[in-house]
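Q: I would like to learn how to read a two-chain model. Where do we start?

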Amino acid sequence: DTEVTQTPKHLVMGMTNKKSLKCEQHMGHRAMYWYKQKAKKPPELMFVYSYEKLSINESVPSRFSPECPNSSLLNLHLHALQPEDSALYLCASSQDPGPTYNEQFFGPGTRLTVL
Amino acid sequence: QQPVQSPQAVILREGEDAVINCSSSKALYSVHWYRQKHGEAPVFLMILLKGGEQKGHEKISASFNEKKQQSSLYLTASQLSYSGTYFCGTETETSGSRLTFGEGTQLTVNP
């Protein structure tokens, strides 16, 4: 299984809602990532988990809260988002942390719209 | 520091060749290349490492010039399926185990 899955595929939420994005991989990868991608722009790194521990937080606002319940799962909890947070949220994983020898496998993303 | 990609966009006819460049102002440890089709996830193409090592798809060709801190992706005998946005991601001496992606090069291959 060489796939990263993400649910839901699409999400529309109001600014007062609380929702969660889910990401799963069964490749035994030890690093997992959240990226945000706006239209016609590159992916922007948000968080990195290495061996289930948060290792990088790119100064992301606290309305985004990541969680890694186990080595296969990554969640992104959303609360009190702003319309400018509307974007494609991509999850990725790699065999080991650190990009030097490790390609990242991306999931299909969750298209988030904040009203 | 974000790498600079060129060109921003290129249009080809099937069978033509293209080169996409990626340059960094910082010393590079590795360069990654990904292709993203509209509405889909980025897909890994290749990693080029300082020192000459490469890892990726056999049909993809790329180079890494350590002196110039540049990488180039060579797309030869292009096929319709090559269409998409190509991103380079760089790991540098100051990037701290993270990849920073360039703005992308939009490649369109027409019949």
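Q: How many of the contacts in chain B between residues at least 6 apart in sequence join residues at least 24 apart?
A: A contact means heavy atoms within 4.5 Å. In chain B, 57% of the contacts between residues at least 6 apart in sequence join residues at least 24 apart. For chain A, residues 24 or more positions apart account for 56% of the contacts with a separation of 6 or more.

Q: What should I know about the model and its numbering?
A: The model is predicted: local features need pLDDT of at least 70, side-chain atom pairs count only at pLDDT 80 or more, and totals for chains, interfaces and linings use all residues. Residues are numbered from 1 along each chain as its sequence is written, chains are lettered from A and ligands numbered from 1 in the order in which they are written, and side-chain values use heavy atoms, with hydrogens and water left out.

Q: Which elements make up each chain?
A: Helices (H or I, at least four residues) and strands (E, at least two) are DSSP runs, numbered from the N terminus. Chain A has 11 strands and zero helices. Chain B likewise has zero helices and 11 strands.

Q: How does the radius of gyration of chain A agree with that of a compact globule?
A: The radius is taken over C-alpha atoms, and the globule rule is 2.2 Å times the number of residues to the power 0.38. For the 115 residues of chain A the rule gives a value near 13 Å, and chain A has 13 Å, which agrees. The C-alpha trace of chain B spans about 40 × 25 × 20 Å along its principal axes.

Q: How many residues count as buried in each chain?
A: Buried means under 20% relative accessible area, exposed over 50%, and partly exposed in between (1.4 Å probe, protein chains only). Buried residues make up 50% of the 115 in chain A. In chain B, 46% of the 111 residues count as buried.

Q: Is Asn102(A) buried or exposed?
A: Asn102(A) has 11% relative accessibility and therefore counts as buried. Its place is in the loop between β9 (87-94) and β10 (105-106) of chain A. Leaving aside neighbours within four places in sequence, Asn102(A) is in contact with residues including Ser94(A), Pro97(A), His32(B) and Ile47(B).

Q: And Leu115(A), buried or exposed?
A: Leu115(A) counts as exposed because its relative accessibility is 62%. Leu115(A) lies in the segment after β11 (110-114) of chain A. Not counting residues up to four places away in sequence, Leu115(A) touches Val12(A), Met13(A), Gly14(A) and Met15(A).
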